[in-house]
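Here is a short walk through a structure that may be new to you. Keep the view open as you read.

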Amino acid sequence: MIICTKKMDYRFGTQCQFIQNQVMVNSEKERASLLCMKALANRGRLDTVSQQMASHPQYLESFLRTQHYILYMDGPLPQPYRHYIAIMAAARHHCRYLVSLHSAQFLRVGGDPLWLQGLEAAPPRLQHLDHINKVLAHQPWLTARSHIQALLKTGEQCWSLAELVQAVVLLAHCHSLCSFVFGSGSDSDSTPTPRVHHGTPPGYCLCDAANGNTAFSPPPAGPTEKAPRRRSLDSSCEVACLLEQIKKSQEEIKERKGDRLHSQTLLHADVEKEDEAVFSADPSRFVSDPEFGYQEFARREEDHFQVFRVQDYSWEDHGFSLVNRLYSDIGHLLDERFRSVASLPFPHSPDLKRAIWNYIHCIYGIRYDDYDYGEVNRLLERGLKLYIKAVACFPDARKTPLCPLSWAPVKASDKVHVNLLVMEARLQAELLYALRAITQYMIA
Amino acid sequence: MEKMTRVSTVSGHTMFCHLDAPANAISVCRDATQVVVAGRNIFKIYGLEEDGFTERLNLRVGRKPSLNFSCADVMWHQMEENLLATAATNGAVVTWNLARSCRNKQEQLFTEHKRTVNKVCFHPTEVYMLLSGSQDGFMKCFDLRKKESVSTFSGQSESVRDVQFSIKDYFTFAASFENGNVQLWDIRRPDRYERMFTAHTGPVFCCDWHPEDRGWLATGGRDKMVKVWDMSTNRVKEIYCVQTIASVARVKWRPERRYHLATCSMMVDHNIYVWDVRRPFIPFATFEEHKDVTTGIVWRHQHDPYYLLSGSKDSTLYQHMFKDASRPVDRANPEGLCFGLFGDLAFAAKESLMSGPSSAGDVGRKTYPGGDRRYPIFFFKKPDVREQFAQVSSALSVFESEAGSSVGMDWFINTAQSYLLSGKPFAELCEHNAQVAKRLNRPQESTTWTMLRIMFSEPANPSLSSNHNLNKSGNLPLVNSFSMKEMSAALNERNKENRQDNLHSLETNLNNNDENEETEGSEGQAEYLFGDAELDDDDLYSMEHDNHAAEEPEYLLPQEAFPLRHEIMDHPSAPEPVQERPESPHVSGSETENTCLTSTESFSLISVSQLLFSPHLPPKFFCPIVKEMLCFYAEQGDVQMAVSVLIVLGDRIRKEIDELTQEHWYMSYIDLLQRFELWNVSNEVIKLSTCGPIMCLNQTSTTLHINCSNCKRPMSNKGWICDRCHQCASVCAVCHHVVKGLFVWCQGCSHGGHLEHVMEWLKQSKHCPAGCGHLCEYT
């Protein structure tokens with residue numbers, strides 16, 4: 001009960017903070033509100049995602065434009081397909097918010113309600129997409145030419161290259177949007193009874209992530225102040241190499257996740273009935289192989305997976321040209337998104353920004369020749385790294401509660417900024433892998 | 001002379017060799033005997049022999065080579081044959097000295113750039129000067145005798161993609177940027193660029209100075225364009241532009257050929273193209289050997305235009321011979337065809353093909369002679385001996401569509417406004433519409449109307465006249481009113497009928513005698529009739545009219561004419577003549593009865609006609625044809641014709657065509673009319689239609705919902721008394737009585753009353769009769 005009230009506080013608090021923020025940046029506020037008005041007029045509602053992004057209006061503009069383009073404008077895929085693909089992508093991360101949003105839109109554009117019963121009810125063509133969806137969502141480096149080939153050459157149910165590219169863009173967009181939704185805590189909007197709390201040990205509290213609003217706590221002091229809650233996590237703090245720490249805590253998270261999964265299965269029975277009510281929003285029906293998840297890339301490196309070198313296949317040189325050729329104009333829109341997120345004024349150093357970006361790409365096995373990865377450890381505090389990794393790789397409210405993520409940003413807009421970086425970097429990473437596979441398919 | 005001897009040393013054929021790894025860049029040494037290939041996992045020197053490549057040296061040494069060996073670009077010094085420079089992907093600039101005795105030839109390492117170095121460039125004449133451009137947005141100039149850079153140039157914008165020293169101007173270099181800009185710098189002034197211009201949308205991947213022409217710079221970008229800029233003027237001017245099919249990764253001017261350049265792409269397209277910049281639409285030559293994108297191209301010798309070397313991601317190194325290149329122009333189709341916005345058709349073909357005798361179908365064709373100044377210069381150009389391009393001269397013909405026919409929809413509007421659909425006798429309607437169609441230059445429609453008139457109008461006379469071998473005189477008025485050609489179809493049709501009718505003629509005559517006095521009468525008067533008709537030559541009215549006039553010209557014509565005119569003016573009272581008409585036959589002579597009844601029927605649209613058709617010419621006979629005709633028009637998109645005929649023919653044809661089709665036609669036509677804002681015509685069509693759903697269109701949205709003035713709730717059944725508050729809602733503001741008929745109210749103050757009362761009141765006063773003080777107005 002206490003947890004719940006606190007949670008309410010937290011949400012109310014951020015809302016206030018958010019509004020204050022908007023008032024403070026007056027000139028930008030108008031632009032933001034104009035954009036919000038537009039979105040409102042377009043869709044009849046203003047989703048929390050847009051609200052969050054409104055603290056960066058110049059980015060919001062290009063985000064909304066891209067989203068509108070891939071969901072509603074010219075493209076080879078019929079509209080119900082697009083929303084269904086979005087549902088599939090969001091379901092991969094168990095993002096109820098996006099699943100219910102797109103389910104509603106799916107029905108609005110005349111989709112067959114039967115499909116919403118689950119993936120098995122969807123046409124086989126969409127079912128074929130499930131594999132690449134799974135891979136892109138969790139281990140994009142596994143994307144291979146053979147996947148593309150299989151999709152393009154399955155006889156009656158085959159995809160055309162243009163359709164596939166749109167589908168891939170949609171998948172990547174929704175996967176990364178899941179990260180943002182998770183990072184910004186918008187998901188809870190649509191979940192009246194968040195299971196997280198049932199499954200969370202009592203020591204954890206959701207308000208942590210937002211506590212930074214109230215007082216600035218310097219990074220080294222942060223953990224000690226809040227030590228009692230995170231004792232279990234911080235016990236491994238002495239290890240010198242931060243990368244090691246990450247790995248370890250990652251394992252810890254996994255362990256705990258295992259526990260939680262266990263407790264969840266127990267609790268699951270209890271909430272089952274409630275779930276019947278929100279039947280339409282339960283994402284697991286759109287997912288096959290739910291156990292498939294992110295695995296440390298570094299560990300697999302010794303196998304046959306090569307590190308992806310940006311110098312050999314970059315968005316600017318290669319990805320853009322390919323995607324723009326197969327799905328016209330999307331290249332420019334995505335390019336604008338990447339540019340605008342890169343040009344967002346970051347109050348800290350630009351190095352930090354680059355470190356965050358490269359760290360996310362590194363998580364996904366994409367390396368920059370011209371970057372010294374020691375810098376990541378120097379610049380990113382551990383909490384931030386954990387936060388980034390959780391948001392990027394495990395944006396699943398069931399498995400990763402936001403509470404142990406100790407990172408406490410100074411301003412709410414900073415958090416949004418980091419979330420945006422995670423989203424865009426992840427989007428680019430998935431696109432790079434998918435597009436490289438398509439390029440390889442085209443060459444062969 | 002020196003040049004000649006040098007060139008002669010180069011010889012060979014198209015050949016290739018496999019590399020161990022994908023190449024990122026290649027460069028050739030000055031004497032064209034060796035080529036260096038650099039990539040992420042390869043850094044080798046190959047010798048160019050007569051019969052193939054031979055590996056001379058592997059510069060990539062050490063068990064686990066560092067990222068310094070991972071090259072994004074490489075350049076061989078053009079003055080010093082032992083000197084090479086590479087740009088490493090990790091941001092290092094490395095120089096290599098082949099004269100070093102140990103295995104590792106690395107001489108100097110500059111690690112000043114923070115990001116990947118995209119390009120290195122040696123000064124063409126200065127031995128120790130090296131320039132680099134990096135992803136971090138900086139360009140650095142190195143003096144190879146020093147340990148660090150001598151000057152740093154900040155582009156103040158995004159990543160540098162290419163840097164190139166000018167070949168002719170000692171101090172100048174050009175840099176291209178990821179944001180689409182190109183900057184010109186003076187090597188002595190690191191503080192600010194000399195000029196900057198936006199060359200492309202999106203990144204400019206490459207640039208290359210013309211080897212001979214001082215001011216020319218070629219740039220290639222992600223926007224798939226190659227542009228040639230003239231820098232010699234005050235304002236940088238784009239002088240040539242070539243549109244390729246994929247982003248342009250490299251561009252290299254062809255030696256000894258002023259207008260030629262070679263390009264390769266970074267994505268999707270694996271070919272190497274050589275363009276003549278003056279012929280931007282088709283490559284001059286194409287090399288199609290590579291299986292993956294070409295990453296580096298270089299002309300083997302700076303004075304030899306026939307050898308091109310290329311490295312590719314498919315791990316091959318090629319030497320292309322120009323004579324082995326494929327020439328797309330040979331396979332190109334010299335014919336072209338295009339529709340213009342206004343329906344014009346342009347057609348270009350080889351002159352030899354076009355010079356044939358112009359056929360009869362050449363109406364409206366305009367041939368543009370060569371050298372017409374209104375067309376772009378490349379269209380017709382003087383053959384240039386140096387151009388080496390296959391000369392194809394094409395002739396362009398433009399077939400202009402005739403104004404008014406297919407251009408725009410003027411005809412539609414005109415026709416819609418001028419057609420008469422009711423209010424006149426059937427024959428007159430047909431006649432009128434035929435005239436309209438003819439005036440609008442639509443002979444087919446015009447003929448159709450004429451034929452319809454003949455098929456369905458007053459039956460006896462035309463056919464009978466032909467029966468009586470009076471064809472000549474009988475047709476005379478027709479010939480006057482329609483051109484021969486247009487009529488011929490109709491005449492044929494009629495002759496056919498007549499032939500068939502001839503079989504019936506006896507019977508017909510018998511029938512006539514038995515039943516129809518009036519027919520007999522007219523028959524009897526036939527000779528007289530047509531004799532008279534010749535007098536009426538200028539009368540362009542219908543046969544029927546002719547007959548009419550011929551029969552009783554003195555008194556019948558006026559009697560007929562006046563009521564009809566009245567009809568047109570006051571159409572809403574259309575049903576009246578139906579009652580009037582039946583009297584007239586009794587009044588007038590027996591001969592006229594026929595005519596009058598026909599006309600009655602045509603505008604009343606209520607069929608009384610079955611009896612009136614003379615049995616010898618069953619109108620039903622034509623129905624299938626007419627039905628087919630209507631469908632034909634509708635199929636053609638001329639739904640106007642279909643609907644007009646449908647309305648004019650009324651019951652004659654209606655039963656032949658199923659309701660749905662009719663409704664469909666009506667809907668389409670009404671929709672069209674409303675799009676052209678022909679509200680009146682559309683309303684007329686709706687009114688005249690006989691389909692239930694169409695007639696309903698006029699009944700929709702005619703309800704007016706009113707609220708009670710007392711309790712403000714909607715009034716349900718009666719307009720003047722409210723069910724809820726039982727008060728009289730609409731009281732006249734003038735006489736204070738309940739208004740039970742037309743109620744008029746002011747939209748400003750919402751007071752009102754009896755129409756006449758308010759009208760009168762407002763004639764005298766400007767203020768509202770209710771005394772609210774509002775200045776009402778009656779318009």
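Six salt bridges are counted between chain A and chain B in this predicted model. One to look for joins the side chains of B:Arg115 and A:Asp370. Their N to O distance is 3.2 Å. That pair qualifies because the cut-off for a salt bridge is 4 Å. Polar contacts can be counted too. Between chain A and chain B there are 12 residue pairs in polar contact, with both residues at pLDDT 80 or more.

Which helices of chain A each supply at least two residues of the side that touches chain B? They are helix H16 (315-326), helix H17 (330-343) and helix H21 (412-443). H16(A) gives the largest share, with seven residues. By type, the residues on this side of chain A are five nonpolar, four polar and 10 charged.

Now take the contact as a whole. Chain A brings 19 residues to it, and chain B brings 24 residues. The area buried between the two chains is about 1900 Å². Carbon and sulfur atoms give 45% of that area.

B:Ile647 sits in helix H18 (residues 639-649) of chain B. Is B:Ile647 buried or exposed? Its relative accessible area is 2%, so B:Ile647 is buried; the cut-off for buried is under 20%. Now find B:Thr690. In sequence, B:Ile647 and B:Thr690 are 43 residues apart. In space, 8.3 Å separates B:Ile647 from B:Thr690, C-alpha to C-alpha.

How values were computed. Residues numbered from 1 in each chain as written. Chains lettered and ligands numbered in written order. Predicted model: local features only at pLDDT ≥ 70, side-chain atom pairs only at ≥ 80, totals over all residues. Heavy atoms only, no water. Contact = heavy atoms within 4.5 Å. Buried area = accessible area lost by both parts, 1.4 Å probe. Polar contact = N/O pair within 3.5 Å; in protein donor to acceptor, adjacent residues only side chain to side chain. Helix = DSSP H or I, 4+ residues; strand = E, 2+ residues; numbered from the N terminus. Nonpolar A, V, L, I, M, F, W, Y, C, P; charged D, E, K, R; others polar. Buried < 20%, exposed > 50% of the residue type's maximum accessible area, 1.4 Å probe, protein only.
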